[in-house]
2 protein chains.
Amino acid sequence: MPRPPVPTRRVTIIDVARHAGVSTTAVSKVLRNAYGASPQMQAKVRAAIDELGYRPSASARGLRGQTYTIGVMLPDIRNPFFADILDGINAQLDGTDYQVLIAASCNSEPGEAHVTDAMIDRNMDGVILIAPLTSRQRLDRIARTVPTVVVGRHGHSAVYDTVADDDFVGAGLIVAHLAGLGHRRIAHIEHHETDPVRLAEMPNAVRADGYRHAMHAHGLGEHIDIASTTYTQQGGYLGAQQLLARPQRPTAIFAGADIVAMGVLDALADAGLSAPSDISVAGYDNTTFAAFGPISLTTVDQAGHQIGTNAARLLLDRITDSSRPTTQVKLSPTLAARRTTAPL
Amino acid sequence: MPRPPVPTRRVTIIDVARHAGVSTTAVSKVLRNAYGASPQMQAKVRAAIDELGYRPSASARGLRGQTYTIGVMLPDIRNPFFADILDGINAQLDGTDYQVLIAASCNSEPGEAHVTDAMIDRNMDGVILIAPLTSRQRLDRIARTVPTVVVGRHGHSAVYDTVADDDFVGAGLIVAHLAGLGHRRIAHIEHHETDPVRLAEMPNAVRADGYRHAMHAHGLGEHIDIASTTYTQQGGYLGAQQLLARPQRPTAIFAGADIVAMGVLDALADAGLSAPSDISVAGYDNTTFAAFGPISLTTVDQAGHQIGTNAARLLLDRITDSSRPTTQVKLSPTLAARRTTAPL
């Protein structure tokens, strides 16, 4: 028989004071690094804190000011690109008192509202919203309530800072690479979008726009061919199926994200085809998956780590000075050419 | 020039009362669903809350009781198995008032101490610790402070509940599968471990133990061959390099986790070899990566989703009744045979 568990009870400042044989005022002074606590007193109190495992309550601290908590909202923890951004955020916050807490919004507006409300409810000192779908009006309202940095979404706000890569340029890099290999029938798989604001601001829409623009620039306007699905593995699978069923099959597919390219490769394998011998395939994001040897996916490196460090730096600045003008950081993407693309 | 941002200011209960034309006491009653607030009053207050975007402070609520926050500590957000567990946790909490906040511990004891301290500081109502390395003594101390469920670690505690799969059985499934295909020189890549408690409790150690036991059971004791690295892609790469350099190369490699198998496949590709034609490769976890068509990795399904739902259910029970006896849930793994293993 297991012995009954010790009931949960939080160690309080009163326990610490009793254990150290001092007053609660003395403990409080030590905790705040206030004047008037002698070295001996400090040592006694610190020893009692360690022995009892005392943790001051962040709720109590929250009422007095900062909670030292940064919320990061991700659409989806499966997309490995977001892990790169998180690495950058953590690297920038390393050595500070801030703790990063992550919440997944499940790629939906109600999910995002739930997460941002939860972060505001918990008095987080600042939030980093990655590729949010939320309306501009609501984003502005969030940013007026809590210091906010928006990552991976274009557009300009007077209340929040933004960090994004230049998706228009990035899409052009892929088209130029494939056109340089002799491909003309270069198709694209985009994330379906109808909302006019999102068509201007979301990376997926800007990539599709960059694709169209680059196709025209290379004299390939007549070969523009877009399958409109979602930025998921399933979306890539369905998009590839649509493109493979065309009367004139494309010779190259530019998937709007690496996770979409995974679905494309999966669909090719199921159709008995492979990249690049049958069809060249390129992604976008340069995730660890793309760099994985047996896959070796041609893609665009948008420097997720650097996006993360920039976002965290801007957020700390905004927490310190909420009235400074907003900043828009745009990073230049680079091509990572690998083995899934080859000459026609 | 951007116009200067509106300074951050939180909407307070006083603003809501003023906007609704009622007293702060009335607003407070509505917020607490207390008796004495008429339907008209409720409607007025709710409308004012919506219009102003008022969010009650969770810090203030924290001091009164629950924060409705569940902390989930992951070693690493890149391992796709943990995403399956999170899906299960979220599915179980869906429709409740609880918000899950995730923190990565970076696979180190100091990292874990930092995260668990941060969760306790923030008055989280409960924590789910996934594959923690933390000492038993410290785990018990955490569980005495906050309701705790430990996932993916064996052993029995009087203060926290556990959920794990039967790693000993799972390792045996792989060895039986490979032996059934005619393999005799079946090697294993383990996560290096020396701490005696962890050797008894950590899934990696139990899997290595299960491997050794199954090899003996199949009369293959003389072929036991273990490369001791880490449960990372890099660890798999290094382990495979070691095994490929043996005077007698194994014909099959059982990697202790899918992410380790990724490194093995990468090392094989770099050596001009492939699975299963040169060497059969198996993993453990049945992540989305393993199921991905072009990889199609043989692995063990430990039902991450189900692990997550069990963990969340136990945690809610523990939050409701902190004195109930602890529960140990052990789930039975199943074999997922795919294309990276073949007859010798």
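This is a predicted model: local features need pLDDT of at least 70, side-chain atom pairs count only at pLDDT 80 or more; totals for chains, interfaces and linings use all residues.
**Entry 1**

I looked up the strand order first. The sheet is open, has 4 strands and runs β7-β6-β8-β9 in chain A, with parallel pairing. I then checked the edges. β7 (225-229) and β9 (280-282) of chain A each have a single partner strand, so one side of each has no neighbour in the sheet. On average, neighbouring strands here are turned by 20° against each other, direction ignored.

Next I took one pair. β6 (residues 186-191) and β8 (residues 252-255) of chain A are joined in the parallel sense over 4 bridges. In this part of the sheet, I found His188(A) opposite Phe254(A) in β8(A).

I also looked for a helix on the sheet. Helix α12 (residues 258-270) of chain A lies across β6, β8 and β9 of that chain. Its direction is about 160° to β9(A).

**Entry 2: Gln233(A)**

I placed Gln233(A) in helix α11 (residues 233-244) of chain A.

I listed its contacts beyond four places in sequence. They are Ile259(A), Met262(A), Gly263(A), Asp266(A) and, from chain B, Phe292(B). Ala261(A) is 28 residues from Gln233(A) in sequence, yet their C-alpha atoms are 7.3 Å apart.

**Entry 3: Arg122(B)**

I found Arg122(B) in the loop between α6 (109-121) and β3 (126-130) of chain B. What is the nearest side chain of opposite charge? It is Asp121(B), 4.5 Å away. Arg122(B) is buried and has no salt bridge. Its side chain does reach the backbone oxygen of Thr67(A), at 3.0 Å.

Technical notes
Residues are numbered from 1 along each chain as its sequence is written. Chains are lettered from A and ligands numbered from 1 in the order in which they are written. Side-chain values use heavy atoms; hydrogens and water are left out. Two strands pair if DSSP finds at least two bridges between them. Helices (H or I, at least four residues) and strands (E, at least two) are DSSP runs, numbered from the N terminus. Axes are lines fitted to C-alpha atoms, for helices over the stretch in contact, and angles run from 0 to 180 degrees between N-to-C directions. Contact means heavy atoms within 4.5 Å. Buried means under 20% relative accessible area, exposed over 50%, partly exposed in between (1.4 Å probe, protein chains only). Lys and Arg count as positive and Asp and Glu as negative; His and the chain ends are not counted. A salt bridge is a side-chain nitrogen of Lys or Arg within 4 Å of a carboxyl oxygen of Asp or Glu. A polar contact is a pair of N or O atoms within 3.5 Å; within protein, one must be able to donate a hydrogen and the other to accept it, and residues adjacent in sequence count only if both atoms are side-chain atoms.
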